[in-house]
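Here are a few exercises to work through with the model open beside you.

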Amino acid sequence: MIGTTYPSEKRSYMDEKTGRKVWQLTASSSNFHFYFTDNSFTKNSGDIYFLSDRSGPKNCYNLFKMDMDSGLMTQLTDEADGITPSYHTKTPDSKIIVYVTGNKVKKLETDTMDLTVLYEEQGDIDLGHPHINAEGTYIGLARNERAPIQRGANYKGFKETMYTTKKGWITLISMDGETVTNVFEDTHWLGHFQFSPHDSDLAMFCHEGPWNLVHQRIWLLRIASRDVKPCFRQSEDDCVGHEFWTADGRIFFDNRRKGHDGTITVHKTQATIELEKTDQVPYVGLADSKGNVIRVMDLPYYCNHYHANQEGTLLVGDEAEDLVLIDISSNKPSIETLCTHKTSWQSQKTHCHPTFSWDDRHILFTSDREGECQIYLLSLEE
């Protein structure tokens, strides 16, 4: 029920590998934080937002707020169909949260708890991950024709969905729900839509699928002109993904090089192709708002996701068993193990997706090391 408060489940333990203190924030039901292109933390506050199925049937997720100091949790939504996992976003101040439930996109205003249906899908179309522009006036998301492919754990159906999907749209929806506009249409599976953090006229999206099979992953979109252009023009051996906007408006991307499909399974292997032996070194890169690559750094660590601090000098990454901190302030990156995470990698919900807090003091991540997905916190000051 909306407004129900749940007692703290917060506890700390010392990591078995590094001796660093780790805070486990949840311990019952299944819980996970916002996708790494968003941020569960509230700017200038001690609150975090997350999804949990503690209020209803298993795997029926609703939105909760937690006070990080006390650990108290408050339920914010009560959707009978639940919120589609990872299909939720918010403003940095957490005053507006937008999420997908069933065939609807809804907006929650957390100050007043007013709930608005922004969009209701009428066709046989899958709604994607929504994102809010810098001015807070529009949301954007990718929509794709529904592929008759069964999807499941360990990237089941991932490659097949890419080949089957022949029609996708980038759609803008005004924050009052009055205006709905398709600003781009394509013949590919579209995803990973993200507005620039500073320019509401600029966004990026991706051609989704196994990285080794996608010819051009990252695309930039000018909203007003509808102009679309590639960001970092890929060559044959480039395998690119997990792009995100840095705090200063640059585009970060991971290039794992020849033969990497961008996946990881419970067997710690790729899902769609056996990794080829190659002397090519993986690297990460930064591109400017026009899509021009301005920096590349060799990074042969094979993390599955990266997230950058506000200054763009540190990355947090999730290796197969550990979380690591990577200093990229100099020409030669250095790596430090923060803690073990021991997640199973069975599904997207179990991916760690480590994320810096807005003040760079904390790192939040998810793991199912104890069976169910739980949320964990590291303080870089401890």
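**Exercise 1.** Find how strand β6 and strand β7 pair, and over how many bridges.

*Solution.* Start with strand β6 (residues 62-67) and strand β7 (residues 73-75): they pair in the antiparallel sense over 3 bridges. Strands here are DSSP runs of E with at least two residues, numbered from the N terminus, and two strands pair if DSSP finds at least two bridges between them. Next, look across from methionine 66: opposite stands methionine 73 in β7.

A note on the source: this is a predicted model, in which local features need pLDDT of at least 70, side-chain atom pairs count only at pLDDT 80 or more, and totals for chains, interfaces and linings use all residues. Residues are numbered from 1 along each chain as its sequence is written, and side-chain values use heavy atoms, leaving out hydrogens and water.

**Exercise 2.** Which residue's charged end sits over the ring of tryptophan 23?

*Solution.* Lysine 10 places its charged end over that ring, 4.7 Å from the centre. The criterion is NZ of Lys or CZ of Arg within 6 Å of the ring centre and within 35 degrees of the ring normal. Now turn to tryptophan 169: arginine 143 lies over its face, at 5.2 Å from the ring centre.

Key
Helices (H or I, at least four residues) and strands (E, at least two) are DSSP runs, numbered from the N terminus.
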